[in-house]
Amino acid sequence: RQPWFKQMKELRGLESYWTGPERTVYVQDQADHPYQLSIARSLRLANSEIYGYVVVSWVEDQVSGIFDRLSKGNRVLMVDSAGTIVSGPAGQIGGKFVYGELNEGTKPYSIERIDGEKFLVVEQEIPMNGWHLVLMQPYQDAIVDLNAIFSKVFLFEMISFFVFLLLLIVLVRRFTTPLVRLGKVTNAVQRGNLDVRSDVAG
């Protein structure tokens, strides 16, 4: 029986208990999958008496594998409310996340120097259990991404400006051409040429 079973008695309603990383209990999986994560819930009768438990476990590297596929080379960690690394690179699981001030909620991001390299560190709380997902992207890559976005936006704005300018020139010409013709006719009439016609309709 796991030590966290004592805390199961304190759960009420639909509350669940999320365990931290534990050594895999199945011997045949321990070599390839050293850690497991579990979600547990107590089952109660109408009088609140516990009659059973439901525990769902999965190996941790399934989670970190999903993070690796989705993060495109960036580091992704799952950190519990105490700042312990729950999922991530094998050598860091169970250790403390040294940038735990992100969990205080003062700001969801910061720029940190990790192993001599600057990283953009962004966190998102998991509402169900108070854990956090932490993304660490090399700062230079983040800047390149921002520059690429800025370049695309700037290019779009310049193209839009020139298209607008072209349309404006065409419209101004269309509206001013009859006025210029009418001005020439007026000058001709002032000079005494009464046979001239403006051919301006409307």
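Q: Which pattern does the protein chain follow when read along the sequence?
A: The model is a predicted one. Its secondary structure comes to three helices and nine strands. Read along the sequence, these elements give the pattern α-β-β-β-β-α-β-β-β-β-β-α.

Q: In what order do the five strands of the open sheet stand?
A: Strand β5 (residues 75-79) pairs with β9 over five bridges, and β5 also pairs with β6 over two bridges. Strand β8 (residues 117-126) is joined to β9 by eight bridges. The pairing in the open sheet is antiparallel, and the order is β6-β5-β9-β8-β7.

Q: Which strands stand at the edges of this sheet, and what is the average twist from one strand to the next?
A: The strands β6 (85-87) and β7 (109-114) each have a single partner strand, so one side of each is left without a neighbour in the sheet. These two, β6 and β7, are the edges. From one strand to the next, the twist averages 40°.

Q: Why is strand β9 described as largely enclosed by the rest of the structure?
A: Strand β9 covers residues 131-138, which makes eight residues. It is largely enclosed because the number of its residues that are buried is six.

Q: How many of the five residues of β5 are buried?
A: Strand β5 pairs with β9 in the antiparallel sense. β5 is mostly covered, and its buried residues number four.

Q: Which residue in β9 is the bridge partner of R75, and which is that of E123?
A: R75 has its bridge partner in β9, and that partner is M136. E123 also has a bridge partner in β9, namely V134.

Q: Which residue makes a side-chain polar contact with H132?
A: H132 lies in strand β9, where V79 stands opposite H132. With a relative accessible area of 6%, H132 is buried. At 3.4 Å, its side chain makes a polar contact with the side chain of E123.

Q: How far apart in space are W131 and W18, C-alpha to C-alpha?
A: W131 is in strand β9 and is buried, with a relative accessible area of 5%. W131 and W18 are 113 residues apart in sequence, while their C-alpha to C-alpha distance is 9.4 Å.

Q: Which residue in the turn between β8 and β9 has a positive phi?
A: The strands β8 and β9 form a hairpin, with four residues between them. In that turn, the residue with a positive phi, of about 75°, is G130.

Q: Which residue takes a positive phi in the hairpin of β5 and β6?
A: M78 has S87 as its bridge partner in β6. The hairpin of these strands has five residues between them, and the one with a positive phi near 90° is G83.

Conventions:
Residues are numbered from 1 along each chain as its sequence is written. This is a predicted model: local features need pLDDT of at least 70, side-chain atom pairs count only at pLDDT 80 or more; totals for chains, interfaces and linings use all residues. Side-chain values use heavy atoms; hydrogens and water are left out. Buried means under 20% relative accessible area, exposed over 50%, partly exposed in between (1.4 Å probe, protein chains only). Two strands pair if DSSP finds at least two bridges between them. A polar contact is a pair of N or O atoms within 3.5 Å; within protein, one must be able to donate a hydrogen and the other to accept it, and residues adjacent in sequence count only if both atoms are side-chain atoms. Axes are lines fitted to C-alpha atoms, for helices over the stretch in contact, and angles run from 0 to 180 degrees between N-to-C directions.
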